[in-house]
Amino acid sequence: MAKVYVFDHPLIQHKLTYIRDKNTGTKEFRELVDEVASLMAFEITRDLPLEEVEIETPVSVSKSNVLAGKKLGIIPILRAGLGMVEGMLKLIPAAKVGHVGLYRDPETLQPVEYYVKLPSDVEERDFIVVDPMLATGGSAVEAINSLKKRGAKNIKFMCLIASPEGVEVVKDAHPDVDIYIAALDEKLNEKGYIVPGLGDAGDRLYGTK
């Protein structure tokens, strides 16, 4: 069964408070999302495998650890997920970046895939799907479906804020995908917004309404 990890690191929680604040402007909001994504990338990569190598320091020969060449992929869900990519790449610059674009059908209200571009070696990579919000869970489920249909085997989902309802939807649909979040909020309201949440992440990132 999927595991849910809530990052309670003080720096993440501090910055998340200002991300939530309605008085935080677009520039600062974007910078804070970038910073929190970096901090979360630090946590989500904690289990990456290491291998021992021999190096020469200015003093002596030493055995030390490096990453064991695990191939990673970052997959933002368009468009809000883009705000988290650069922060993650600061820590894992060798990761490849793919994209999944979804829109909500106005009649069925279900997410519909309109764009998918992934690294060519899908089956060999561990993927981290990113989106600032996990509200109803529909977009996250469909994005993970898009990866699995194309051969992805190892997938994690990472977001800033999640609703309990959205977490359960993703866990039920994809019990093999662990979920990493900065905050688990109270609920969804009747419009499908997370409470207390932070509003519309895409609009706040890009200054649109």
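This is a predicted model: local features need pLDDT of at least 70, side-chain atom pairs count only at pLDDT 80 or more; totals for chains, interfaces and linings use all residues.
A residue counts as buried when its relative accessible area is under 20%, as exposed when that area is over 50%, and as partly exposed in between.

**Overall form**

The protein chain contains six helices and 13 strands, and its C-alpha trace spans about 65 × 40 × 30 Å along the principal axes. For 209 residues a compact globule would have a radius of gyration near 17 Å, and the 18 Å of the protein chain agrees with this. Buried residues make up 46% of the 209 residues, while 63% of the contacts with a separation of 6 or more are between residues 24 or more positions apart. The accessible surface comes to about 11,200 Å², of which 52% belongs to carbon and sulfur atoms.

**Aromatic pairs**

Phe7 lies in the loop between β1 (4-6) and α1 (10-20), whereas Tyr180 belongs to strand β11 (residues 178-184), so that the pair links parts of the chain 173 residues apart. Phe7 is buried, with a relative accessible area of 8%, and Tyr180 is buried as well, at 7%. Ring pairs also join Tyr5 with Phe7 and Tyr180 in a cluster.

Tyr103 in strand β6 (residues 99-104) and Tyr114 in strand β7 (residues 111-117) are eleven residues apart, and Tyr103 is partly exposed, with a relative accessible area of 43%.

Methods: Residues are numbered from 1 along each chain as its sequence is written. Side-chain values use heavy atoms; hydrogens and water are left out. Helices (H or I, at least four residues) and strands (E, at least two) are DSSP runs, numbered from the N terminus. The radius of gyration is taken over C-alpha atoms; the globule rule is 2.2 Å times the number of residues to the power 0.38. Buried means under 20% relative accessible area, exposed over 50%, partly exposed in between (1.4 Å probe, protein chains only). Contact means heavy atoms within 4.5 Å. Accessible areas come from the Shrake-Rupley method with a 1.4 Å probe; for residues, only the protein chains shown count as cover. Rings of Phe, Tyr and Trp (its six-membered ring) pair if their centres lie within 6.5 Å; planes under 30 degrees apart count as stacked, over 60 as edge-to-face and the rest as tilted.
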